Amino acid sequence: MTKTSFNIDGMHCASCAIRIEAVFKKTKGVQNANVNYALAEATVEFDTELVQEHDLHQIVQKEGYRVRQMDQHMEHKEHGEQHGQHAHGSEKEVLTRAIVSSAIALPVLIIAMAGLKFGPEIFGELFSDWIEAIGGTFVVLGPGIVFHKAAFQQLLRKTASMDSLISLGTLAALGLSWWAFSVNQPKYFETAAIITAFILVGRYLEARSKGQASAAIQKLLELGAKFAHLQQNDGSTQDVAIESLKKGDIVLVKPGEKIPIDGTVQDGASSIDESMLTGESLPVSKKIGDLVYGATLNQQGALVVIVEKESGDTVLSQIVKLVKEAQQKKAPIQKLVDRVSAVFVQAVILIAIVTFVIWFVLTGVFATALIMAVAVLVIACPCALGLATPTAILVGTGRGAGMGILIKSGEALERG
């Protein structure tokens, strides 16, 4: 079996991750699959004789998402930096949408709620009414276009997600408002606009929380040294990146510097601060033949160290792997959430239809029945349902790692 991990861009809710994971598991040759919405990452175990990694990427693309491949030869630090940069870029884009939508939706809401009427008439309607109509329409079809694009793509694939609920609700409110605008009836432009703005603000808070939680791995990576003094055959030293070091290389570690990589002391004696690994504040004496670990601090004498492990196999790297695996594993409660999310969208749409029928039968007023159905669609959109548990695991394992406590899995965190 081969195990691979890659990032998936374009997931907007937990149901997106659940759908991709389900398709992976149905694919012949896939032993196990885990798609983590909070990390925007998929981990798949598969048989290379039955399926190739390229096939897995195509599955993601067919579902309407994008694959951002992790370079398996890239060292952990570089990957962490790239992941952080991508997350920052995505967060900035979501923030822009949230600010623009809120800035326009707020005046529309104030005009509607306060019943303000001002300005000249344009085509038989007051200027204030046109502000409501144009402002509300811009918010729904401008910054909010991301919901409608995602919903349309899902419709083509005969699936649905939280985006489908948002799109149906806001477009229904917008369409009803334009009809009401033309026949001089009560309008709901502010409803469509403020709902879109609220959800976009929520998306920003989600993106921010995911970015902060994922920073735990980056903080661990920053503990390590970036360069090492590699000894040459003529006795001189050359500064090289630790990624280029190989087993058997000899490095010089000066007083006050971090040990660049795991190895054995060949010459010299010193005391090492290993508190970042063991939590013990007292320094540990090291002499010829003793093991030293990357990212620990050489306090006194100079040491000549023979490299025993390459950068991807050091104790620090293993800690990073443990933290990352803990963040990827689902807690038992998350499996329950996934099962609920898998049928939630369809259930909400059905309830909205029933709500519309009941209100239309009781009142006979189409507009009232539609507004009630729209309320069900929008208010029932629990994007946090699928984000809360994985984000809690991210934050918990990350905080623990920062305090020197390693949590093996989400299940261990839940039971503790």
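Residues are classed as buried at under 20% relative accessible area, as exposed at over 50%, and as partly exposed in between (1.4 Å probe, protein chains only). By this definition D129, with a relative accessible area of 6%, is buried. The structure is a predicted model, in which local features need pLDDT of at least 70 and side-chain atom pairs count only at pLDDT 80 or more, whereas totals for chains, interfaces and linings use all residues. Residues are numbered from 1 along each chain as its sequence is written, and side-chain values use heavy atoms, with hydrogens and water left out.

The protein chain contains 13 helices and 15 strands, taken as DSSP runs (H or I of at least four residues for helices, E of at least two for strands) and numbered from the N terminus. Of its 416 residues, 45% count as buried. With a contact defined as heavy atoms within 4.5 Å, 68% of the contacts between residues at least 6 apart in sequence join residues at least 24 apart. The accessible surface of the chain comes to about 20,900 Å², and carbon and sulfur atoms account for 61% of this surface. Accessible areas come from the Shrake-Rupley method with a 1.4 Å probe; for residues, only the protein chains shown count as cover.

Five salt bridges are present in the structure, each defined by a side-chain nitrogen of Lys or Arg within 4 Å of a carboxyl oxygen of Asp or Glu. One of them joins K117 and D129, with the closest N and O atoms 2.9 Å apart. This pair links distant parts of the chain, since K117 is in the loop between α3 (76–114) and β5 while D129 is in helix α4 (residues 127–141), 12 residues apart. K117 is exposed at 51% relative accessibility, in contrast to the buried D129. Another salt bridge is formed by the side chains of K25 and E21 (3.2 Å, N to O). Both residues belong to helix α1 (residues 14–26), and because they are four residues apart they are separated by about one helical turn. K25 is partly exposed at 46% relative accessibility, whereas E21 is buried at 10%.

An open sheet of three strands has the order β12-β11-β14 and antiparallel pairing, where two strands pair if DSSP finds at least two bridges between them. Its edge strands, β12 (284–286) and β14 (297–298), each pair on one side only. Strand β11 (residues 270–273) is joined to the antiparallel β12 by three bridges, and the bridge partner of S270 in β12 is K286. K286 also forms a salt bridge with E274, the closest N and O atoms being 3.2 Å apart. E274 lies in the loop between β11 and α8 (275–278) and K286 in strand β12, so this pair ties together parts that are 12 residues apart in sequence. Both partners are buried, E274 with a relative accessible area of 8% and K286 with 11%.

A nonpolar surface patch is formed by L106, I110, L116, F118, I122, F123 and F127, which together have about 670 Å² of accessible area. Patches are made of residues with over 30% relative accessible area and no salt bridge, like charges being joined within 9 Å and nonpolar side chains (Val, Leu, Ile, Met, Phe, Trp, Tyr) within 5 Å. I122 lies in strand β5 (residues 121–122) and is partly exposed at 33% relative accessibility. N184, in the loop between α6 (162–182) and α7 (189–221), is exposed with a relative accessible area of 61%. The C-alpha atoms of N184 and E125 are separated by 9.0 Å, the two residues being 59 residues apart along the chain.
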